[in-house]
Amino acid sequence: MPATQLSDTRRGVERSESARPSSRPFPFFRAGARAEATAGSRPLLVLEDVHKVFRPDRPVLRGANLVVERGEFVFITGPSGSGKSTLLQLIYRRQTPDDGRILFCGRDVARLTETSIPFLRRNLGIVFQDFKVVPHWTVFENVAIALEILAMPRRLVRARVAEALERVGLAGRGGERTGVLSGGEQQRVAVARAIVTEPALILADEPTGNLDPALAVDVLTLFEEIHATGTTVLFATHDHSLIASRDHRVVCLEEGRLVEARRGLRGWHERLRVVGGAA
Amino acid sequence: MKLRAIVARARRGLRGDLRLYLVAVACLTVAFVCLGAALWGLENLAALHDRFAGPRRLTVLLRESPDTTPARELRAALAELVEVRSVRPRTAAELRDAFLADSALGEGLEALPADLFPASLEVTLVPGIDRERIRALAERIGRFPVVEGVETYEGWLGGFDRIVLGGRIVVGGLALLVLLSVLAVVGGTIRLTVAGRRAEIEVMKLCGATDGFVRGPFLVEGAVQGVVAAALATALLAGLYVLGRDALDATVGALTGGRTAFLAPWMLVAMWAGAALAGAVGSAVSLRRYLTV
């Protein structure tokens, strides 16, 4: 897809209809903005020396560095309060870093104006521990809202929502009230909403935190299926058993810095053992 | 498409918070009934004023019958003046008959003397003459020996002017009060709905909704509250007017010599449009303060 010729999000989404699944709505942040021609060859996400301090005596991030390539599945782990959520919030610009750069598709999200932030978020799919679904809306409405924001035609919205619900295992349940669904089903609704726009990057902030272990594995598998179609996934969790059961890249937040462990938690433990032994 | 989507979401919001909106609309309807009633009163008062005030007239009270030579000479002289459009002589008998015909008690008043009212000349002036010139003209006419006095109706019209002006000030103040109440009621309602819909606003923002996308339905909801309240108030007033029109015309109409009228169409449209605008503004002000997600 010739991303440089796209002029607005809606066109981007409509073009992506004809070119799926290899292409995504290109991450330009503002209607009318043009992406650079080289943007497709760059890493999807780059964190450069990112600092974030809420309390001077306890900085959350102290020079965090990370490079996420297109199509990667990355676990972000670390103990509670280590800054996983803050890291994700910096990416979707709920927070602004005190120092450093966060490049998403080559654009520094920290320098986006307030009016540009929505256009950044249209290219992200965000899933939370507490689902953040609207309980009195139907399943369909909860998923369709992401497309309505893109001013997508109604007919297309219906088709895309049906497809997303099928992918998360909720086919034919669009008319049900979301509030009456189980926790696992509500999280699937949230995942459907995150993927329905086919975003460049999915940010999952402890999406299994409120689910029992079996459901947690189900949801993780769902993310992996989404990842298998080419979507980049950043999955924050402190559930080591979940990380240990998979073979994805793992990045750990330790004292405000991101420490790499490339092949699952077992590799990370081995690395820690090596580092500990050397000490 | 975008407007349709905003309206569709506003409809969903109105349905979701129906009870809250009904209470708000009921409060606003009371306010608009007060404003509409005051406007109705003022409109009829102004119509009455216009009926009496224009075209301006003078009544020249004569010492003798208009058929006498001095009175005829005076009539001819008046007809020559540039300020005068027409001069109509009225005998005492004519005036008495007209009074008996106009009055519902005419039969009981037949014993009244024939010279109850003095003979007069009804002078109609050309339009656009100011009060100063009328006063000067009356003073000149008053110098004729045949003239007993000249009635310019100035004192009476001046009082009427003051009443209409006072009415306009009262209605203006009432309109301001209604505007403030619309802003307060709609603002409060929107504040509550924003608090109630915090979760969905957050979801929308996280999905990349612009401020306009989030605010649009709230503005529509505010405007709808205003216009529905104004329409209900209008319907209520119209119903009351239709029910009481005959009785009103029989009493007030008999005193003023005309029939009452309901609010002019332009006034209704202005009230509805103003209500919609005030509702939208109230909503916008509230959103500016409370929409912080």
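Strand β7 (residues 201-205) of chain A pairs with strand β8 (residues 232-236) of chain A in the parallel sense over five bridges, where two strands count as paired if DSSP finds at least two bridges between them. Helices (H or I, at least four residues) and strands (E, at least two) are DSSP runs, numbered from the N terminus. This is a predicted model, in which local features need pLDDT of at least 70 and side-chain atom pairs count only at pLDDT 80 or more, whereas totals for chains, interfaces and linings use all residues. Residues are numbered from 1 along each chain as its sequence is written, while chains are lettered from A and ligands numbered from 1 in the order in which they are written.

**The six-stranded sheet of chain A**

The strands β7(A) and β8(A) belong to an open sheet of six strands with the order β6-β7-β8-β3-β9-β10 (chain A) and mixed pairing. At its edges stand β6 (124-128) and β10 (257-261) of chain A, each with a single partner strand, so one side of each is left without a neighbour in the sheet. Neighbouring strands of this sheet are turned by 20° against each other on average, direction ignored; axes here are lines fitted to C-alpha atoms, for helices over the stretch in contact, and angles run from 0 to 180 degrees between N-to-C directions.

On its other listed pairing, β8(A) runs parallel to β3(A), to which four bridges join it. A:Phe235 in β8(A) stands opposite A:Ala204 and also opposite A:Phe75. β8(A) is mostly covered, with five of its five residues buried; a residue is buried if 20 or more other C-beta atoms, placed from the backbone, lie within 10 Å of its own, exposed if 12 or fewer, and partly exposed in between. Both faces of the strand β8(A) are covered, with A:Thr232, A:Leu234 and A:Ala236 buried on one side and A:Val233 and A:Phe235 buried on the other. Helix α7 (residues 213-228) of chain A lies across β3 (73-77), β7 and β8 of chain A, and runs at about 155° to β8(A).

| Strand pair | Sense | Bridges | Residues standing opposite |
|---|---|---|---|
| β7(A) and β8(A) | parallel | five | A:Ala204 and A:Phe235 |
| β3(A) and β8(A) | parallel | four | A:Phe75 and A:Phe235 |
| β1(A) and β2(A) | antiparallel | eight | A:Leu45 and A:Val68 |

Helix α2 (residues 84-91) of chain A is mostly covered, since seven of its eight residues are buried. In α2(A) the buried residues are A:Lys84, A:Ser85, A:Thr86, A:Leu87, A:Leu88, A:Leu90 and A:Ile91, and just after α2(A), A:Arg93 takes a positive phi of about 60°. A:Asp130 lies in the loop between β6 and α4 of chain A, and with 15 C-beta neighbours inside 10 Å it counts as partly exposed. A:Asp130 and A:Ala214 are 84 residues apart in sequence and 17 Å apart in space, C-alpha to C-alpha.

Chain B has nine helices and four strands, which follow the pattern α-α-β-α-β-α-β-α-β-α-α-α-α along the sequence. The radius of gyration of chain B, taken over C-alpha atoms, is 30 Å, well over the 19 Å that the globule rule (2.2 Å times the number of residues to the power 0.38) gives for 293 residues, so chain B is more spread out than a compact globule. Along the principal axes, the C-alpha atoms of chain B fill a box of roughly 95 × 40 × 30 Å. Chain B is divided into domain 1 (2-52 + 157-290) and domain 2 (57-126), with bounds that come from an automatic or database domain assignment, and 50 Å separate the centres of these two domains, taken over C-alpha atoms. Of the 293 residues of chain B, 28% count as buried.

The contact between the chains takes 13 residues from chain A and 15 residues from chain B, where two residues are in contact if their C-beta atoms, placed from the backbone, lie within 7 Å. On the side of chain A that touches chain B, the elements that give two or more residues are α3 (117-121) and α4 (139-148) of chain A.
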